[in-house]
Amino acid sequence: MNQSAKRYSPLQLFLIGGAIATTATASVFGSAWTRCVLAALEDSPKALVDQVWQLVNREYVDGSFNQQDWIATRQTLLSKEYSSNEQAYLAIREALQKLGDPYTRFMDPQQYKALTSQTSGEVSGIGIRMELNEQTQRLTILEAIENSPALKAGARAGDQILAINGKSTEQMAVEEASKLIRGQVGTSIKLQLKRPGQSAFDVQLTRAVIEVPTVRYTLKQEGNRRVGYIRLREFSGHASDQMRRAIRDLNGQKADAFVLDLRGNGGGLLNSSIEIARMWLDNGGIVRTVDRAGGSEVSEANRTALTQQPLAVLVDGNSASASEILTGALKDNNRAVVIGSKTFGKALVQSVHPLADGSGLAVTIAHYYTPKGTDINKKGITPDIKLDLTAAQERQLASNPNLFGTQQDPQYARAIAALASNTFAQPPASQTNQPLSSGAVNLRF
């Protein structure tokens, strides 16, 4: 596929995936030589090595390749003989390591499949969340997801899973059970369940594509305020739809303030963060990305906010990437008060490509800046109200996740106090941030 004659937008590159840019190689080595090499490499581990090299050569944000001679790297890679894809994987990882960028990374087929499943927000299964109950030491259903095969079959929270397809779950880890439960869409699975006060019973289920809940929300009465508490765990392909439903539902319940919890959210899809920012912002810039040639891609609010109610945002040291895009946009536009610990500090954007053998490659293609032009890379975002949890408080929340978003959660309690003061989080009458430019990037980072 010829990709040198036309400059594709990052969105198109993401959709095009891992097509080999043969003309980019031709510009360095000559077209006749390249055709001979590619013919010789076809269906060999070297083809995979060359595919990775060319993607990095074309897209990597640092044109100096961390002061490495990238052309010489290619010659070294292709001079080796690889008896298996695994040997090629090792060589690829060693070459990428020289770039000094942990986010430009190679994924074997299993790792790439896991990433695409995570970012899509979908899994093939029956639609349950489960845990190993500490008291009973039994696998126990925490939740049967809405519209899932499990819920339709009558499974519910609290049910113990005694067997999966006839295999006892006694002393079985959650990870092993998950592998047994997941499978190809349309295939069947039998669970033996035990409900308190009832005899064990079997349920026959058919696996389906399940939309993984990444947004959880509830309405809380805090003094004289009705506060909509929303926790966002991942910027997946379904996150924006789930967020939209949450805000609208809470609006319908007459929420007069919101707390958006981004703690522990390590990021996801850039376009998802942009769409969600637009649900809170009517005007102003959201993010600006800059590629290695200095070209800017920018997104802005477009008067589609779903609420104008006061907003507090909770962050911590694990709030990264897409979480920082959203936090930076809300903070710089004076739309929210940010509370918690300094964020992670990742201001790099990756394009993700499928490779010929089912493996994948993430390549850092751009650097991003907040609406006010702040570079947060390796610095993070400092909250308006800095409140670090003690080690004891962190342990308490980790051991009892139900305490998140309650008065026993110090950062949430501080957010409620800030909202009650009416000092913060009021949407400005006229947002004055100047447009950064135009365009948007839809990539994972």
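**Exercise 1. Compare the reach of helix H14 with its expected span, then find which of its residues are buried and what they pack against.**

Step 1. Helix H14 covers residues 410–421, twelve residues in total. From its first C-alpha to its last it reaches 17 Å, close to the 16 Å expected at 1.5 Å a residue. The expected span is 1.5 Å times one less than the number of residues. Helices here are DSSP runs of H or I with at least four residues, strands are runs of E with at least two, and both are numbered from the N terminus.

Step 2. A word on the model: it is predicted, local features need pLDDT of at least 70, side-chain atom pairs count only at pLDDT 80 or more, and totals for chains, interfaces and linings use all residues. Residues are numbered from 1 along each chain as its sequence is written, and side-chain values use heavy atoms, with hydrogens and water left out.

Step 3. Now look for buried residues (under 20% relative accessible area; exposed is over 50%, partly exposed in between, with a 1.4 Å probe and protein chains only). In H14 these are Gln 411, Tyr 412, Ala 413, Ala 415, Ile 416, Ala 418 and Leu 419.

Step 4. The buried residues of H14 pack against strands E10 (215–222), E11 (225–232), E12 (257–261), E15 (311–315), E16 (337–340) and E19 (385–386). Contact means heavy atoms within 4.5 Å.

**Exercise 2. Describe how H11 packs with H10 and with H12.**

Step 1. Start with H10 (residues 239–252) and H11: their angle is about 15 degrees and their axes are 9 Å apart. That makes H10 roughly parallel to H11. Axes are lines fitted to C-alpha atoms, for helices over the stretch in contact, and angles run from 0 to 180 degrees between N-to-C directions. Angles under 35 degrees count as roughly parallel, over 145 as roughly antiparallel, 65 to 115 as roughly perpendicular and the rest as oblique.

Step 2. By class, the contact of H10 with H11 has six nonpolar, two polar and two charged residues. Nonpolar covers Ala, Val, Leu, Ile, Met, Phe, Trp, Tyr, Cys and Pro; charged covers Asp, Glu, Lys and Arg; the others, Gly among them, are polar.

Step 3. Turn to H11 (residues 270–280) and H12 (residues 322–332), which pack at about 25 degrees with axes 9 Å apart. H11 is thus roughly parallel to H12, and their crossing is right-handed.

Step 4. Leu 270, Ser 273, Ile 276, Ala 277 and Trp 280 of H11 meet Ala 322, Ile 325, Leu 326 and Leu 330 of H12. The contact of H11 with H12 holds eight nonpolar residues, one polar and no charged.

**Exercise 3. Is Leu 355 buried or exposed, and which residues does Leu 355 touch?**

Step 1. Leu 355 lies in the loop between E17 (348–354) and E18 (360–369). Its relative accessible area is 7%, so Leu 355 is buried.

Step 2. Not counting residues up to four places away in sequence, Leu 355 touches Leu 48, Gln 51, Val 52, Leu 55, Phe 106, Gly 360 and Leu 361.

**Exercise 4. What is the phi of Gln 171, and what is that of Lys 378?**

Step 1. Phi of Gln 171 is near 65 degrees, positive in a residue other than glycine. Gln 171 is exposed at 78% relative accessible area.

Step 2. Phi of Lys 378 is near 60 degrees, again positive in a non-glycine residue. Lys 378 lies in the loop between E18 and E19.

Note on methods. Left-handed = near helix turned anticlockwise from the far one by under 90°.
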